[in-house]
Amino acid sequence: MSTVLVSYENNDDSMNATADALNGKKTKIWGRLPVLVNDQLKAGMGMDLNTSSLPNNTTSKQQ
């Protein structure tokens, strides 16, 4: 399974939050795509991930 993490802001806070998420330092990650990317990544798709409640941070709830 592949995962894409998209950050839409180009500022220090957004970049730091994205780096924290990739390094497992964030306990909650969520979002929805505002646009169509391709046939597999459609507008409105997204993820709600609460890493503090996941064993080994390996599962998530996708829509």
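Is Ala 43 buried, partly exposed or exposed? I began with this residue and found that Ala 43 is partly exposed, with a relative accessible area of 47%.

**Entry 1: basis of the model**

I note that this is a predicted model, in which local features need pLDDT of at least 70 and side-chain atom pairs count only at pLDDT 80 or more, while totals for chains, interfaces and linings use all residues. Residues are numbered from 1 along each chain as its sequence is written, and side-chain values use heavy atoms, with hydrogens and water left out.

**Entry 2: confidence**

I looked up pLDDT, the predictor's confidence in each residue, from 0 to 100. The mean for the chain is 78, and 78% of its residues reach 70 or more. Helix H1 has the highest confidence, at 87, and strand E3 (residues 61-62) the lowest, at a mean of 46. Over residues 57-63 the pLDDT is below 50, and this stretch has 15 contacts in the model beyond near neighbours in sequence. I count a contact when heavy atoms are within 4.5 Å.

**Entry 3: overall layout**

I recorded one helix and three strands in the chain, running α-β-β-β from the N terminus on. The elements are DSSP runs numbered from the N terminus: helices are H or I with at least four residues, and strands are E with at least two. Of the 63 residues in the chain, 16% are buried. I also looked at contacts between residues at least 6 apart in sequence, and 18% of these join residues at least 24 apart. The chain exposes about 5,200 Å², of which carbon and sulfur atoms supply 50%. Accessible areas were computed with the Shrake-Rupley method and a 1.4 Å probe; for residues, only the protein chains shown count as cover.

**Entry 4: the loop residue Ala 43**

I placed Ala 43 in the loop between E1 and E2. Leaving aside neighbours within four places in sequence, Ala 43 is in contact with Leu 33, Pro 34, Val 35 and Leu 36. Ala 43 and Leu 33 are ten residues apart in sequence, with their C-alpha atoms 5.0 Å apart in space.

**Entry 5: the salt bridge**

How many salt bridges does the structure hold? I found one. The criterion is a side-chain nitrogen of Lys or Arg within 4 Å of a carboxyl oxygen of Asp or Glu. The partners are the side chains of Arg 32 and Asp 48, at 2.9 Å, N to O. Arg 32 lies in strand E1 and Asp 48 in strand E2 (residues 46-50), so the pair ties together parts that are 16 residues apart in sequence. Side chains of opposite charge can pair when their charged atoms come close. Arg 32 is partly exposed at 34% relative accessibility, and Asp 48 is partly exposed at 32%.

**Entry 6: Trp 30 in strand E1**

I located Trp 30 in strand E1 (residues 28-32). Trp 30 counts as exposed, at 61% relative accessibility. Apart from neighbours within four places in sequence, Trp 30 is in contact with Met 47 and Asp 48. The C-alpha atoms of Trp 30 and Asn 50 are 8.4 Å apart, across 20 residues in sequence.

**Entry 7: helix H1**

What does the side chain of Thr 18 join through a polar contact? I found Ser 7, at 3.1 Å. A polar contact is a pair of N or O atoms within 3.5 Å; within protein, one must be able to donate a hydrogen and the other to accept it, and residues adjacent in sequence count only if both atoms are side-chain atoms. Thr 18 is in helix H1, and touches Leu 5 and Ser 7 when residues up to four places away in sequence are not counted. Ser 14 also lies in helix H1 and is buried, at 12% relative accessibility. With neighbours within four places left aside, Ser 14 is in contact with Ser 7 and Glu 9.

**Entry 8: a nonpolar surface patch**

I recorded a nonpolar patch on the surface formed by Val 4, Val 6, Tyr 8, Val 35 and Val 37, with about 470 Å² of accessible area together. Patches are made of residues with over 30% relative accessible area and no salt bridge; like charges are joined within 9 Å, and nonpolar side chains (Val, Leu, Ile, Met, Phe, Trp, Tyr) within 5 Å. Tyr 8 lies in the segment before helix H1 (12-22) and is exposed at 52%. Val 4 lies in the segment before H1 and is exposed at 59%.

Key: Buried < 20%, exposed > 50% of the residue type's maximum accessible area, 1.4 Å probe, protein only.
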